[in-house]
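Please look through the sequence and the structure below before reading on.

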Amino acid sequence: MTTVGVGTVTVLRQPVVQPDRSVYGYAVQVRVTGTDGRPLPDELAEQHADAEYAALDLSGLAADRLVLLRGTVGVLAGTTSIWGDPERLMLEITPTLARHPEIDALVALAQQRGSRLALADYDGSAPQDRLLDRVALVKIDLARYDDQLALLVDRAHHAGAAVIAERADTTERIARGIDLGADLLQGPMFQRDQTPVRRAFNAGELQCLELLRILSADQVDQNAVVTTVAADPELSMRVLHLVNSSAFGLRTEVDSVRQAVVLVGPRQLHALAIASLIDARPNTVAALWTVLTRAMTCRTLAGDDAGYTVGLLSAVAAQQAIELTDLVERTGISDQLSAALLRHEGHHGHVLAAVLAHEENDSDAVAATGLEPWDVAHAYLAAVPQALATATSLAFGGN
């Protein structure tokens, strides 16, 4: 993510999920705007996009999942180097690229290198239809072409391509995409895919929430932290595994919960509590990864650990479909942080609102919070690989 002489380059990333909400891959694209905030001419925008793609570590943005990368002439031709596993890369052909006079040659070059292809923003145009039998995926925008959606899906399926329903950002659009027979869905799914409910918490959840409550106090009671962790076998196992992992690099193994709690520290204990709350395992790394990415981004933008707490609780409430009011009550956070979570008030509330807007690729909504979209996008991109490393450690620690 960089600023350039002509404007701003921003990297955007969204999950692509199966109908059961399991993560299939991540769609990554570069958005290039001029100093006036408007998109640049295609050729100039592609030059900056190619430079950004060459610097991106795609494995850090998608782990072991597929990356759907918005293509450029350089990417299709192979003249733009991409850092990542080519077997987990699919190149998207935009409508503009589909009309390129050399598109047949570019597609042939990409396929000769073994690249898989997708059509982005499919609208049934003649240039796109010419490529239907050469792509594995077709992306259709649920917010557009409402009266043609069924036809577009059928046409893609008839050609043998799977369909991604884009802009699946409301309950109604998710249902619409599934009803149309879309094979995959793209959008800010994790905060949208379930309706929060008031419900009873089981004993394990209550223990995790109690730990969060203790850690949220202005003065953390270390004895209470140790007692709470030690009373829960899952938490004890996770904290001991983490402190004895290679990340800490200790020369001798720690087998005391009290010593482990001191070494791990409050921030990692927050993450451990969340990992236990969502029962993070190797096959659920994506869920924990998403939660921690929001928390780390909020901390960076807010400039303090209170930002981390706000981002963490917001994300876990969405992930677990818990009413925010229930989570606020159980964790006993301050009135200031409650206002940030529930009503997006104050500095931390504006930060949270900005991060939520960024997750939906809504730069205008980010700017409306008073934060710079570039700053938010930069913080988010930096948090993604850090959160992945932590989520992987915590999830495998629960094995």
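Predicted model: local features only at pLDDT ≥ 70, side-chain atom pairs only at ≥ 80, totals over all residues.

**Confidence at the start of the chain**

- The model holds three cavities of 30 Å³ or more.
- The second largest cavity has about 50 Å³ of space.
- Two elements, β2 (7-17) and α20 (373-397), each give two or more residues to the lining of the second largest cavity.
- Helix α20 supplies the largest share of that lining, with four residues.
- The residues lining the second largest cavity are V11, L12, R13, H358, A377, Y380, L381 and V384.
- Sorted by class, this lining has six nonpolar residues, one polar residue and one charged residue.

- Q186 sits in strand β9, which spans residues 184-186.
- Q186 counts as buried because its relative accessibility is 7%, under the 20% cut-off.
- The side chains of Q186 and Q14 make a polar contact at 3.4 Å.
- Beyond residues up to four places away in sequence, Q186 touches Q14, P15, V16, A27, K139, I164, A165, E166, R167 and A168.

- Most residues other than glycine have a negative phi.
- R167, which is not a glycine, has a positive phi near 60°.
- R167 belongs to the loop between β8 (162-166) and α8 (171-179).
- With 40% relative accessibility, R167 is partly exposed, and R167 is also one of the residues that Q186 touches.
- D121 is not a glycine either, and its phi is positive at about 55°.
- The loop that holds D121 runs between β6 (116-119) and α6 (126-129).

**A295 in helix α14**

- A295 is part of helix α14, residues 285-302.
- The relative accessible area of A295 is 0%, so A295 is buried.
- Setting aside neighbours within four places in sequence, A295 is in contact with G307, Y308, G311 and L312.
- A295 and D121 are 174 residues apart along the chain, and 31 Å separates their C-alpha atoms.

- S314 is located in helix α15.
- S314 counts as buried because its relative accessibility is 9%, under the 20% cut-off.
- Apart from neighbours within four places in sequence, S314 has contacts with R294, L324, L341, L352 and L356.
- I322 is in the loop between α15 (305-320) and α16 (324-331).
- I322 has a relative accessible area of 2% and is therefore buried.
- The C-alpha atoms of I322 and F201 are 9.8 Å apart, while 121 residues separate I322 and F201 along the chain.

Notes
Residues numbered from 1 in each chain as written. Heavy atoms only, no water. Buried < 20%, exposed > 50% of the residue type's maximum accessible area, 1.4 Å probe, protein only. Polar contact = N/O pair within 3.5 Å; in protein donor to acceptor, adjacent residues only side chain to side chain. Contact = heavy atoms within 4.5 Å. 1 Å grid on protein atoms, 1.4 Å probe; cavity = no way out; pocket = protein on both sides within 12 Å on 5 of 7 lines; lining within 4 Å. Points joined across faces, edges and corners; volume = space filled by probe spheres on them. Nonpolar A, V, L, I, M, F, W, Y, C, P; charged D, E, K, R; others polar.
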